[in-house]
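Biologist: I would like to learn how to read a fold. Can we take it one feature at a time?

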Amino acid sequence: MSKQPGRGLESRKLVGELFTLTYGALVSQLIKDYDNDDEINKQLDKMGYNIGIRLVEDFMARSNVDKCQDFRETAEVLSKMAFKMYLNISPTIANWSPANDEFSFILDNNPLVEFVELPDDHPDLNYSNILCGAIRGALEMLQLEVETWFSKDVLKGDNITELRVKYIKRLTDALPAGED
């Protein structure tokens, strides 16, 4: 049996839609399980964090990327390789702070929000907060402590989706006293 042209793209689209719908069902269940948006946002962040710490190994094995020299290079690798590899998108990097310790990912197309409308009674829900946690978890495994949050979201009426990433500090492995 030969492969039909275009089936790979069709299959990828189907997998993407299945992922989007499954994620939507997960968020719906969290809405039923928790009383307020802050708790739901924390749960999504926590899930993303756990995903991020596990994705790093897979990413490093599949991408053959060397250690990044600075935060700008880290942002480039995330944008051009990691987002592309796992979500099939390449967000734009923008809005660097003067200290080069904070930037934005502009998501022209957020695959998590296809087919989604936020419920009116959940105005503070950060629907895609799992992405914030995944970035935070992945970078923590690479010894970088960061804060991540959505500053703009098309689901909340903004014209773009903007995810901010702020460098906090380089993490060092804690060694027991007396060991070098």
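Modeller: Start with a rule for helix pairs. Angles under 35 degrees count as roughly parallel, over 145 as roughly antiparallel, 65 to 115 as roughly perpendicular, and the rest as oblique. Keep in mind that this is a predicted model.

Biologist: What describes two packed helices?

Modeller: Two values do: the angle between their axes and the distance between the axes. Take helix H3, residues 71–87, and helix H4, residues 129–141. They pack at an angle of about 120°, and their axes are 13 Å apart. H3 and H4 are therefore oblique to each other. H3 passes H4 in a right-handed crossing.

Biologist: Which residues in H3 and H4 meet?

Modeller: From H3 come Thr-74, Leu-78, Phe-83 and Leu-87. From H4 come Leu-131, Ile-135 and Leu-139. By class, this contact of H3 with H4 has 6 nonpolar residues, 1 polar and no charged.

Biologist: At what angle do H2 and H3 pack?

Modeller: Helix H2 covers residues 37–63. The angle between H2 and H3 is about 100°, with the axes 11 Å apart. That makes H2 roughly perpendicular to H3. On the H2 side, the contact uses Leu-55, Asp-58, Phe-59, Arg-62 and Ser-63. On the H3 side, it uses Val-77, Met-81, Ala-82, Met-85 and Tyr-86. This contact of H2 with H3 has 7 nonpolar, 1 polar and 2 charged residues.

Biologist: How far apart are the axes of H2 and H4?

Modeller: The axes of H2 and H4 are 6 Å apart, and the angle is about 40°. H2 and H4 are therefore oblique to each other. Their crossing is right-handed. Among the H2 residues that meet H4 are Leu-44, Gly-48, Gly-52 and Val-56. The H4 residues that meet H2 include Gly-133, Ala-134, Gly-137 and Met-141. The whole contact of H2 with H4 has 11 nonpolar, 6 polar and 3 charged residues.

Biologist: Now the strands. In what order do they lie in the sheet?

Modeller: First, the general idea. In a regular strand the side chains alternate between the two faces of the sheet. Here the sheet is open and has 4 strands, in the order S1-S2-S4-S3. The pairing is antiparallel. Strand S1 (92–94) and strand S3 (144–152) are the edge strands, since each pairs on one side only. Neighbouring strands are turned by 30° against each other on average, direction ignored.

Biologist: How many bridges join S2 and S4?

Modeller: Strand S2, residues 102–107, and strand S4, residues 161–170, pair over 6 bridges. Their pairing is antiparallel. Phe-105 has Leu-163 in S4 as its bridge partner. Phe-103 stands opposite Val-165 in S4. On the other pairing, S3 and S4 share 8 bridges, also in the antiparallel sense. There, Glu-145 stands opposite Lys-169 in S4.

Biologist: Which strands does H3 lie across?

Modeller: H3 lies across S1, S2, S3 and S4. It runs at about 15° to S2. H4 lies across S2, S3 and S4, and runs at about 165° to S3.

Biologist: Last feature: aromatic rings. What describes a pair of them?

Modeller: The distance of the centres and the angle of the planes. For the label, planes over 60 degrees apart count as edge-to-face. The count in this model comes to 7 aromatic pairs. In one of them, the rings of Phe-71 and Trp-96 have centres 6.0 Å apart and planes at 85°, so the pair is edge-to-face. This pair links distant parts of the chain. Phe-71 lies in helix H3, while Trp-96 lies in the loop between S1 and S2, 25 residues apart.

Terms used. Residues numbered from 1 in each chain as written. Predicted model: local features only at pLDDT ≥ 70, side-chain atom pairs only at ≥ 80, totals over all residues. Heavy atoms only, no water. Axes fitted to C-alpha atoms, helices over the stretch in contact; angles between N-to-C directions. Helix = DSSP H or I, 4+ residues; strand = E, 2+ residues; numbered from the N terminus. Left-handed = near helix turned anticlockwise from the far one by under 90°. Contact = heavy atoms within 4.5 Å. Nonpolar A, V, L, I, M, F, W, Y, C, P; charged D, E, K, R; others polar. Pairing = 2+ DSSP bridges. Phe/Tyr/Trp six-rings, centres within 6.5 Å; stacked < 30°, edge-to-face > 60°.
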